Amino acid sequence: MFFSKNLFNFPGFLLRHLSLFLVLVLLSFGVFSYTRAGAPEQVFAATSSNLNFQGRLLNSSGSVVSDGYYNLEFKLFNAS
């Protein structure tokens, strides 16, 4: 007979595989707990009070003005 009773000692076979399964479950739980330990519950992003804007400054004829210092005024309105 190809399979004999001694080939698969059922209680020993089951015990080995069950213990291996339990070890893997405990290791997985440990790794998961370690990676989640100390993680903050909430994360807040930093905000800035500055608004960056880039554009082209043109004169009345539509050509680019020369380099220099210019006073600009920006106004923001609510959409209505």
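Analyst: Start with a contact between two side chains. K75 and E73 meet in a salt bridge, with 3.8 Å from N to O. Keep in mind that this is a predicted model. The cut-off for such a pair is 4 Å between a Lys or Arg nitrogen and a carboxyl oxygen of Asp or Glu, so a pair within that distance counts. The structure holds 1 salt bridge.

Are the two partners buried or exposed? Take K75 first. K75 has 56% relative accessibility, so it counts as exposed. E73 has 64%, so E73 is exposed as well. The cut-off behind both calls is simple: exposed means over 50% relative accessible area.

Now turn to L72. L72 lies in the segment after α1, the helix that spans 10-36. L72 also counts as exposed, because its relative accessibility is 56%.

Together with F53, L57, Y70 and F74, L72 forms a nonpolar patch. The accessible area of these residues together is about 580 Å².

Step back to the whole chain. The protein chain has 1 helix and 0 strands. How much of the chain counts as buried? Of its 80 residues, 0% do. Buried would require under 20% relative accessible area. The accessible surface of the chain comes to about 9000 Å². Carbon and sulfur atoms account for 62% of that surface.

Notes. Residues are numbered from 1 along each chain as its sequence is written. This is a predicted model: local features need pLDDT of at least 70, side-chain atom pairs count only at pLDDT 80 or more; totals for chains, interfaces and linings use all residues. Side-chain values use heavy atoms; hydrogens and water are left out. Patches are made of residues with over 30% relative accessible area and no salt bridge: like charges are joined within 9 Å, nonpolar side chains (Val, Leu, Ile, Met, Phe, Trp, Tyr) within 5 Å. Accessible areas come from the Shrake-Rupley method with a 1.4 Å probe; for residues, only the protein chains shown count as cover. Helices (H or I, at least four residues) and strands (E, at least two) are DSSP runs, numbered from the N terminus. Buried means under 20% relative accessible area, exposed over 50%, partly exposed in between (1.4 Å probe, protein chains only).
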